[in-house]
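Please look over the sequence and the structure shown here before reading on.

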Amino acid sequence: MNKGSQCLKVYFEDPFWVGVIERQADHKLEACKITFGSEPKETELLALLPRLRELPFSPAVSVKVKERSKNYKRRLKESRRELQNASHCTKAQQALKLRQQELLNARKAERKEQKQAKQKGRK
């Protein structure tokens with residue numbers, strides 16, 4: 001049975017508000033970073049839900065899956081602790097960095113092809 005979860009974390013990264021969507025399934029984590037201008041309203045966040053499949057997620061990064069305890073008091077304590085910790089997950093950062101590297105490599109290859117085409121056009 002495949003269990004999956006998604007999480008949206010919104011935080012302020014000077015000068016913009018940023019949202020990170022983490023999608024975890026089959027011991028893999030994918031992330032997508034969305035930059036908002038001003039503080040996003042609830043309607044803006046809800047408008048993202050239908051478009052989740054269209055968003056450019058990073059390549060999957062393997063993750064250790066921790067089994068959560070069944071005690072509701074412990075879950076409350078963990079959720080409070082997570083809310084106090086305002087930073088986003090480091091695995092999500094790694095996934096976003098992979099996506100950034102892929103885009104960078106694609107742009108480099110495209111520029112190289114354009115240079116070669118320009119040089120052939122001059123000859």
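Leaving aside its neighbours within four places in sequence, Val-61 is in contact with His-27, Lys-28, Leu-29, Lys-91, Gln-94, Ala-95 and Leu-98, where contact means heavy atoms within 4.5 Å. The model is predicted, and for this reason local features need pLDDT of at least 70 and side-chain atom pairs count only at pLDDT 80 or more, while totals for chains, interfaces and linings use all residues. Residues are numbered from 1 along each chain as its sequence is written, and side-chain values use heavy atoms, with hydrogens and water left out.

Val-61 also belongs to the largest nonpolar core, whose 10 residues are Tyr-11, Val-18, Val-20, Leu-29, Ala-31, Val-61, Val-63, Ala-92, Ala-95 and Leu-96. A nonpolar core is a set of buried Ala, Val, Leu, Ile, Met, Phe, Trp, Tyr and Cys residues joined through side-chain atoms within 4.5 Å; buried means under 20% relative accessible area, exposed over 50%, and partly exposed in between, with a 1.4 Å probe and protein chains only. At least two residues of this core come from each of β2, β3 and α3, and α3 gives the most, with 3 residues. A second, separate core has 8 residues, including Cys-32, Leu-48, Leu-52 and Phe-57. In soluble globular proteins, nonpolar side chains tend to be buried together.

Helix α3 spans residues 90–122, and its 33 residues reach 48 Å from the first C-alpha to the last, close to the 48 Å expected at 1.5 Å a residue. That expected span is 1.5 Å times one less than the number of residues, and helices (H or I, at least four residues) and strands (E, at least two) are DSSP runs numbered from the N terminus. Within α3, Ala-92, Ala-95 and Leu-96 are buried, and the buried residues of this helix pack against β2 (16–25), β3 (28–36) and β4 (61–62).

Where in the chain is Ser-58 placed? Ser-58 lies in the loop between α1 (42–48) and β4, and it counts as buried because its relative accessibility is 3%. The side chain of Ser-58 reaches the backbone oxygen of Ala-95 at 3.2 Å. Leaving aside neighbours within four places in sequence, Ser-58 is in contact with Glu-30, Ala-31, Ala-95, Leu-96 and Arg-99.

Leu-8, in strand β1 (residues 4–13), counts as partly exposed because its relative accessibility is 37%. With neighbours within four places in sequence again left aside, Leu-8 is in contact with Gly-19, Val-20, Ile-21 and Leu-45.

The structure holds 3 salt bridges, a salt bridge being a side-chain nitrogen of Lys or Arg within 4 Å of a carboxyl oxygen of Asp or Glu.

| Salt bridge | N to O distance |
|---|---|
| Glu-22 and Lys-9 | 3.9 Å |
| Glu-13 and Lys-33 | 3.8 Å |
| Glu-30 and Arg-23 | 2.9 Å |

The side chains of Glu-22 and Lys-9 meet in a salt bridge, and this pair links distant parts of the chain, with Glu-22 in strand β2 and Lys-9 in strand β1, 13 residues apart. Glu-22 is buried because its relative accessible area is 9%. Glu-30 is partly exposed at 23% relative accessibility, and its partner Arg-23 is partly exposed with a relative accessible area of 24%.

Methods:
Polar contact = N/O pair within 3.5 Å; in protein donor to acceptor, adjacent residues only side chain to side chain.
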